Amino acid sequence: MRGGGMKLRDTPSASPALWRALPCPAAELRLDLVLPSGQTFRWRESSPGSWTGVLGDTVWTLRQERDRLWYTVYGGEAGADTDRLLREFFQLDVGLRELYRAWGAADPLFREAAKDFPGVRVLRQDPVECLLSFICTSNNHISRITAMIERLCRAFGRHLCHLDAQPFHAFPSLAALAGDDAEARLRALGFGYRAKFVSGTARAITEGLGVEGLHQLRTVPYAEARRVLCTLPGVGTKVADCVCLMALDKAEAVPVDTHVWRIARQRYGMELGGRSITPRAHQEIGDFFRGLWGPRAGWAQAVLFCADLHKGREPAVSQDRDKES
């Protein structure tokens, strides 16, 4: 795959031998709601209904048709291993329809907000990519974050292939981002104050926790994982909760940004005081929703966050600065 130029594949009908499918009704997954809604920043709608991006150092195109999740990979073989990677990425073993029913039964406000947004599920991402990407989200919005991550990958990541003259790169290694010149290069790429946090966290993990230690946070309690993450440069409570939820298997983590803070105040009547998201407010909101929605409260929050985005209320992932600034 490396270095080669290939043609983008839009639909299974064009080259059926190169595509595989997993059973997946729209009520269990909606690519158009999940991939562009601020969980991940590496996917784009390459043609109507088709999404192309990088997962596991491989370039994929995904498409949903007739209760099937179709996919093709470029430069490699699709088979049982790629099926498993895709199932793990979308956590397809988690039955979403049953969760929606349970959340709706417990919370009429959820039921009303979610009725037009089925199939919103939480991704299970690589912890390094998720952590470094979310450091870039503070006081930022989705389109700008996506462009920043693309520049990051082109500058520091390994080239994977070209599709219709568009280059695709792997997410950078920690070693690449921990180099002596990394912060200056990131500033030149427009990362601003986030440059020192991206390079500083890459260095802190390399010299301390290690990649394996970061992955091992999947096995520790949520509070401990969040505590460890918050010791890293540029990682406050919101970023830590995003990583806990989307990379470290902490389904109870409820990231609180301006969307969720406003939802808690305006729709659920929480008395939070002030106009900023304090650590106390963050904890109170998380505890409230965990009590309401149960052990997968972070998944329910993702549905409301997506609904808020698609109803035209601020295209931002975060407007709080938390510790990240």
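The model is predicted, so local features need pLDDT of at least 70 and side-chain atom pairs count only at pLDDT 80 or more, while totals for chains, interfaces and linings use all residues. Residues are numbered from 1 along each chain as its sequence is written, and side-chain values use heavy atoms, with hydrogens and water left out.

**Stop 1: the largest pocket**

Select L55, G56, Q125, D126 and E129, which lie nearest the centre of the largest pocket. A pocket here is an open set of points on a 1 Å grid over the protein atoms alone, where a 1.4 Å probe fits, with protein on both sides within 12 Å along at least five of seven lines; lining residues have an atom within 4 Å of a point. The volume is about 480 Å³, taken as the space filled by probe spheres set on the points, which are joined across faces, edges and corners.

Now colour β4 (50–55), α2 (80–90), α5 (127–135) and α10 (210–216), the elements that give two or more residues to this lining. Helices (H or I, at least four residues) and strands (E, at least two) are DSSP runs, numbered from the N terminus. Helix α2 gives the most, with 3 residues.

The lining has 22 residues: 10 nonpolar, 5 polar and 7 charged. In this scheme Ala, Val, Leu, Ile, Met, Phe, Trp, Tyr, Cys and Pro are nonpolar, Asp, Glu, Lys and Arg are charged, and the others, Gly among them, are polar.

**Stop 2: R42 and E129**

The term means a side-chain nitrogen of Lys or Arg within 4 Å of a carboxyl oxygen of Asp or Glu. R42 sits in the loop between α1 (31–34) and β3 (43–47) and E129 in helix α5, 87 residues apart. R42 is buried at 11% relative accessible area, and E129 is buried at 15% (buried is under 20%, exposed over 50%, partly exposed in between; 1.4 Å probe, protein chains only).

**Stop 3: pairs within a helix**

Go to helix α8 (residues 182–188), where E183 and R187 are 4 residues apart, about one turn. Their closest N and O atoms are 3.3 Å apart, in a salt bridge. Both E183, at 30%, and R187, at 41%, are partly exposed.

Next, in helix α14 (residues 279–293), select D287 and R290, 3 residues apart. Their salt bridge is 2.9 Å, N to O. R290 is buried at 18%, whereas D287 is partly exposed at 40%.
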